[in-house]
Each structure stands twice: as structure tokens, then as C-alpha cells.
Amino acid sequence: MDILGATLRVCVDDLETAVPFYERLAGGRALRFERGGVQVAAVGCFLLMSGPAAELDVLRKVAATIAVKDVEEAHRVLSELGARIIAGPVGTPAGRNLIAMHPDGAVYEYVDRGGA
């Protein structure tokens, strides 16, 4: 399985206040979108999220987002290694993703840029 990189997930109270800081820190512009009632801004290696407390409580359980070449391959490898697939693989507007719990209890999202 090819791991291409990781994105740090950051829950913030005020996205409008947080974005300029992270844009300056990462040296780039934020890509903004909404998913499930949560406002999201992707800036460099940071994924900023702001929204209803109940939604953020769920999102905080996912330690990081890991970019992979192929989510189907990640699914196979993770399963073989004893990870529990919690959700997916499913298509999204940006590609496919799955959420897995590693044997140590850590939860990660795996994403690829494949067709949705």
C-alpha cells in the first residue's frame, strides 16, 4: 500500500478566524467546502473543521487523514493486518475514502483521488 502523505485534522471554534493563521503558516490559500453540516478548509497539511458540537465530537475521533494511492488496496492491507473497517470504501466528490480502526484503537481516514 502506497501512503502518499497525511493531513492533520483540526477542529476550530471559528473557521473565519483560524483560516488566515493557517494560510500564513502553510504559505497557501484555503480550499473551502462543506460536508455534513461542517464547514471545512484545507490548507497545506491541515484540515480545519468547524460546525455543530455533535458533528465535531465524531470528527475528533479520527486522528488523521492518510492519502493513499488506492483505497481498495488500503482496505485489503488494513484488513489483513487486523484493522477493523468502520466505514467505506465510499465515493466522495474528491475520490474514495474509508475509516479504519487500527488494532491499537487509533482511528484514521484513508483517502485516494480515484473516481467517486
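**View 1. Lining of the largest pocket, with its residues grouped as 23 nonpolar, nine polar and ten charged.** The structure shown in this and the following views is a predicted model. The largest pocket has a volume of about 1,200 Å³, and among the 42 residues that line this pocket, Arg-35, Leu-47, Thr-65, Glu-109 and Val-111 are the closest to its centre.

**View 2. Strand β7 and its antiparallel partners, β6 and β8.** Strand β6, which covers residues 84-92, is joined by six bridges to strand β7, made up of residues 95-101, and within this pairing Arg-96 of β7 is the bridge partner of Gly-91. Six bridges also connect β7 with strand β8, residues 107-112, where Tyr-108 of β8 stands opposite Ala-100. The strands β7 and β8 form a hairpin with five residues between them, and in the turn Gly-105 has a positive phi of about 95°.

**View 3. The salt bridge between Arg-96 and Glu-72, and the network to which both residues belong.** The side chains of Arg-96 and Glu-72 meet at 3.8 Å, taken from N to O. Because Arg-96 lies in strand β7 whereas Glu-72 lies in helix α3 (residues 71-80), the pair ties together parts that are 24 residues apart in sequence. Arg-96 is partly exposed, with a relative accessibility of 21%, and Glu-72 is likewise partly exposed, at 42%.

**View 4. Salt bridges formed by Glu-73 with Arg-76 and by Asp-57 with Arg-60.** Glu-73 and Arg-76 both belong to helix α3, where they are three residues apart, or about one turn of the helix, and their side chains meet in a salt bridge of 3.9 Å, N to O. Glu-73 has a relative accessible area of 25% and is partly exposed, as is Arg-76, with a relative accessible area of 42%. In the salt bridge between Asp-57 and Arg-60 the N to O distance is 3.5 Å; Asp-57 is partly exposed at 44% relative accessible area, and Arg-60 is partly exposed at 47%. The structure as a whole holds nine salt bridges.

**View 5. The aromatic cluster of Phe-21, Tyr-22 and Phe-46.** The structure holds two aromatic pairs. In the pair formed by Phe-21 and Tyr-22, the ring centres are 5.1 Å apart and the planes stand at 85°, so the arrangement is edge-to-face. Tyr-22 counts as buried because its relative accessible area is 15%, which is under the 20% cut-off. Ring pairs link Phe-46 with Phe-21 and Tyr-22 into the cluster.

Terms used. Residues are numbered from 1 along each chain as its sequence is written. This is a predicted model: local features need pLDDT of at least 70, side-chain atom pairs count only at pLDDT 80 or more; totals for chains, interfaces and linings use all residues. Side-chain values use heavy atoms; hydrogens and water are left out. Two strands pair if DSSP finds at least two bridges between them. Helices (H or I, at least four residues) and strands (E, at least two) are DSSP runs, numbered from the N terminus. On a 1 Å grid over the protein atoms alone, a cavity is a set of points where a 1.4 Å probe fits but cannot get out, and a pocket is an open set with protein on both sides within 12 Å along at least five of seven lines; lining residues have an atom within 4 Å of a point. Grid points are joined across faces, edges and corners, and a volume is the space filled by probe spheres set on the points. Ala, Val, Leu, Ile, Met, Phe, Trp, Tyr, Cys and Pro count as nonpolar, Asp, Glu, Lys and Arg as charged, and the others, Gly among them, as polar. Rings of Phe, Tyr and Trp (its six-membered ring) pair if their centres lie within 6.5 Å; planes under 30 degrees apart count as stacked, over 60 as edge-to-face and the rest as tilted. Buried means under 20% relative accessible area, exposed over 50%, partly exposed in between (1.4 Å probe, protein chains only). A salt bridge is a side-chain nitrogen of Lys or Arg within 4 Å of a carboxyl oxygen of Asp or Glu.
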